[in-house]
Amino acid sequence: MAEYQENSIVESNERLAEGLYRLTLQAPRIAAAAHPGQFIMAACGHSLDPLLRRPLSLHQVTASGTIRLLFKVIGRGTQLLSELQRGQSVSLIGPLGRGFRLPPAGPICLVGGGIGIAPLSFLANTWLQQPRPVDSCVVLLGARTGAELRLLATEFKDLGCQVHTATDDGSLGHHGLVSDLLPPFLATLKKVHTCGPKPMMAAIAGLCREAAIPCETSLEAHMACGLGACLGCAIPDRNGHYQHVCKHGPVFNAEEVVWNR
Ligand SMILES: Cc1cc2nc3c(=O)[nH]c(=O)nc-3n(C[C@H](O)[C@H](O)[C@H](O)COP(=O)(O)OP(=O)(O)OC[C@H]3O[C@@H](n4cnc5c(N)ncnc54)[C@H](O)[C@@H]3O)c2cc1C
Ligand code: FES
């Protein structure tokens, strides 16, 4: 698979909610090679601090060569990304890793929690580029508050998805866990794709296993290189082997994942 180092140019940097940003970059080579579920490693500044690039999922990709990143400010790297202005450059390496594998037919369900929603926009968009029956893409979104979800939920609806939301504080949709929303759909689904906090993905994987529905999960790990070179992102799988999240993932078959570690 092609990987590029590309000096992307900032088109816009929007603040969507407290600490939540969407960065639009011109990165035509990465955009042309990208597949949903893959990620980029972004250099967050022009000095040696922070030294390491930071991994971010490809949130949206356009045919005109732009990519979008949706990110939460966590520490120094993401703080620097949130300060970028139109016209500035950002060095990226990507697209990296193994993304989602879409089934030949649906309906499919995308379950996103918090910032784990980021890669699911690109996935829904790719799925809906083919003519599909109504409700071929069910999207279940969870977050702490409605403020983090409203815009994203509207965008999934505009794409043609059937969208349901859950919030911790009850300010939008179901008052509770996003995994509570999945059971009514299990009888008809062909596949589930999920990204979010590990306990949420473990719950989704458990429901899919009981219903014998294939499930893919996008995992996070601390990544120093993102290229399979440093071995810092290794996780054990169910067969007693080690998998590198950056190279063998970040998307894994949920059955391969050891959830209770
Ligand atoms: C494949 C992959 C895709 C990702 N996609 C996205 C994405 O699309 N959007 C997004 O916002 N983030 C995403 N992340 C997480 C993102 O890489 C981290 O939030 C980012 O590297 C933090 O960098 P920083 O310099 O801001 O914080 P750091 O200074 O590196 O970390 C600050 C503190 O936060 C802790 N920390 C770091 N990452 C996380 C985390 N994810 N959750 C909780 N605590 C953390 C650190 O241990 C440290 O204590 C992804 C991670 C991976 C592996
Ligand atoms: S981050 Fe270096 S091997 Fe995965």
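Student: How much space lies in the largest cavity, and what makes a space a cavity rather than a pocket?

Tutor: About 70 Å³ of space lies in the largest cavity, where a volume is the space filled by probe spheres set on grid points that are joined across faces, edges and corners. On a 1 Å grid over the protein atoms alone, a cavity is a set of points where a 1.4 Å probe fits but cannot get out, whereas a pocket is an open set with protein on both sides within 12 Å along at least five of seven lines. The model is predicted, so local features need pLDDT of at least 70 and side-chain atom pairs pLDDT 80 or more, while totals for chains, interfaces and linings use all residues, and side-chain values use heavy atoms, without hydrogens or water. Residues are numbered from 1 along each chain as its sequence is written, with chains lettered from A and ligands numbered from 1 in the order in which they are written.

Student: What makes a residue part of the lining of the largest cavity, and which residues are these?

Tutor: A lining residue has an atom within 4 Å of a grid point, and the residues that line the largest cavity are Leu20, Leu70, Lys72, Gly114, Ile115, Ile117, Ala143, Glu148, Leu149 and Leu152. By class, seven of them are nonpolar, one is polar and two are charged; Gly is counted as polar, because nonpolar covers Ala, Val, Leu, Ile, Met, Phe, Trp, Tyr, Cys and Pro, charged covers Asp, Glu, Lys and Arg, and polar covers the others.

Student: How do you know where ligand 1 sits?

Tutor: A molecule sits in a pocket if more than half of its atoms lie within 2 Å of the grid points of that pocket, and ligand 1 is therefore assigned to the largest pocket. That pocket has a volume of about 920 Å³ and is lined by 33 residues, with Pro55, Leu56, Ile74, Ile115 and Glu220 nearest its centre. Strand 4 gives the most to this lining, with four residues, strands being DSSP runs of E with at least two residues and helices runs of H or I with at least four, numbered from the N terminus.

Student: What makes a residue count as surrounding ligand 1, and how many do so?

Tutor: A residue is near a molecule if one of its heavy atoms lies within 4 Å of it, and 19 residues surround ligand 1, the closest being Arg54, Pro55, Gly77, Thr78 and Glu220. By class, this shell has ten nonpolar, five polar and four charged residues.
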